[in-house]
Amino acid sequence: LFIFLFILISKIFIHYSKNKIKKLIPEELMNILKKIKESENKGIMINQRKMRELLGITKPTLKKRIGALLEFNYIFFEERGNHRYFRLTKLGNSVIC
């Protein structure tokens, strides 16, 4: 019985924590995370130029938003040759709605 209650309470806490984190992430940053997730699901790697085109934002705006996502460890860059592509971390993957 104790183990069952512990598991139940743990699942409730995890669910509550994820919902709280999702509410703390601004919609603008969540949109970037979603676009990265969509591209990863399609097997496509997405770079800054493509992200700007998809979101319709300027380079400085994207740079600020990417800086915030990097700082909180939601994304990282994968370098291939001279190109840098966005990738989600486990944390970034877990907070997407």
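Okay, so when I say buried, I mean under 20% relative accessible area; exposed is over 50%, and partly exposed is in between, with a 1.4 Å probe and protein chains only. This is a predicted model, where local features need pLDDT of at least 70 and side-chain atom pairs count only at pLDDT 80 or more, while totals for chains, interfaces and linings use all residues. Residues are numbered from 1 along each chain as its sequence is written, and side-chain values use heavy atoms, leaving out hydrogens and water.

Let's start with helix 4. Helices here are DSSP runs of H or I, at least four residues, and strands are runs of E, at least two, numbered from the N terminus. In helix 4, the buried residues are Leu62, Ile66, Ala68 and Leu69. Down the helix axis they fall within an arc of 155 degrees, so they line one face; the arc is taken from the directions from the axis to the C-beta atoms. On the face turned away sit Pro60, Lys63, Lys64 and Glu71, which are exposed.

Now, salt bridges: a side-chain nitrogen of Lys or Arg within 4 Å of a carboxyl oxygen of Asp or Glu. That rule gives us four. One of them joins Glu40 and Arg87, at 3.5 Å from N to O. Glu40 is in helix 2 and Arg87 in strand 2, so this pair ties together parts 47 residues apart in sequence. Another pairs Glu78 with Arg80, at 2.9 Å. Glu78 is buried, at 19%, whereas Arg80 is partly exposed, at 47%. And guess what: Glu40, Glu78, Arg80 and Arg87 are linked in a salt-bridge network.
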